[in-house]
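Hi everyone, thanks for coming. Let me put the sequence and the structure up on the screen, and then we can walk through them together.

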Amino acid sequence: MTAAFSDYIVYVDESGDHSLVSIDPEYPIFVLSFCIFRKDEYAQAMTPAVRRLKFETFGHDMAILHEIDIRKKKGLFSKLGKEAREHFLSALTDIIEAADFRLVAVVIDKHKLKARYATPEHPYHLAMEFGLERIYRYLKSMGQDGRLTHLVCEARGAKEDAELELEFRRIRDGRNIFSKPLPFELVVADKKTNSEGMQLADLTARPIGLSVLRPEQVNRTHAVLEKKFCRDGNGVKAGVGLKVFP
């Protein structure tokens, strides 16, 4: 018998690549960001707000909000004038600030990972393990233990997806800090899927990475995200909503 579905859904996206062979000196980290939404909040508030902004900005809701396209003014975003772009960015920031969701993020320092371990684990798989453990704790605290929660990840390629699904099942089935099965299911979504949740996760990952890499740098998005991180009873984010490893 299938477990009852939980009241929550998790959207996952990454920033940086997982290679430990060629490490980008400008961005030597890998980030996995998990955005945890109550389904009713997601369906009734966040999704309509993003669609309204797309209609207002582009005249249709088929635009995909990719952080790199917005930042580098590519595709549809290349057509926005300065004023329209500023209005769009301000409105998008307001939507993220108003959205009721919780963040768990894992940042892997690839240089330190290589230096510490003779055979370091795959950064994506390592980040997934740390993330699932923290999400489980949060959802359990919200009365969701034993109810099935779906995690939606973006497809990265047939080989990578197959490896991730295998690793995900290993973690879910008991290779985790709790040594017990976790009530999670993985959904791998096509890159072209027009999912507001996936787009929001994409918009969060790089600002989180930059806040760890260059904490002194002004980071408008991260200032908003700071309020979203899961925290312990004392309000501590480190190790709870944000795991930096090693």
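**A walk through the helices, the sheet and the core**

Let's begin with α3, which has 17 residues and reaches 24 Å from its first C-alpha to its last, close to the 24 Å expected at 1.5 Å a residue. Here the expected span is 1.5 Å times one less than the number of residues, and helices (H or I, at least four residues) and strands (E, at least two) are DSSP runs numbered from the N terminus.

A quick word on the source: this is a predicted model, where local features need pLDDT of at least 70 and side-chain atom pairs count only at pLDDT 80 or more, while totals for chains, interfaces and linings use all residues. Residues are numbered from 1 along each chain as its sequence is written, and side-chain values use heavy atoms, leaving out hydrogens and water.

Back to α3: its buried residues include F88, L92 and I96, where buried means under 20% relative accessible area with a 1.4 Å probe, protein chains only. Among the elements covering them are α1, β3 and α7, and contact here means heavy atoms within 4.5 Å.

Now to α1. This helix bends by about 30 degrees at M46, and a proline, P48, follows within four residues; the bend is the angle between axes fitted to the seven residues ending there and the seven starting there. M46 is also one of the buried residues of α1. Just after this helix, G59 takes a positive phi of about 90 degrees.

What is the order of the strands in the open sheet? The six strands run β5-β4-β1-β2-β3-β6, with mixed pairing; two strands pair if DSSP finds at least two bridges between them. β5 (184–189) and β6 (242–245) stand at the edges with a single partner strand each, so one side of each has no neighbour in the sheet. Further in, β1 and β4 (residues 148–154) run parallel and are joined by five bridges.

Finally, the core. The largest nonpolar core has 42 residues, and F37, F88, F101 and I208 touch the most other members. By nonpolar core I mean a set of buried Ala, Val, Leu, Ile, Met, Phe, Trp, Tyr and Cys residues joined through side-chain atoms within 4.5 Å. α7 gives the most to this core, with seven residues. A second, separate core of 32 residues includes Y8, L32, L139 and L164.

Note on methods
Buried means under 20% relative accessible area, exposed over 50%, partly exposed in between (1.4 Å probe, protein chains only).
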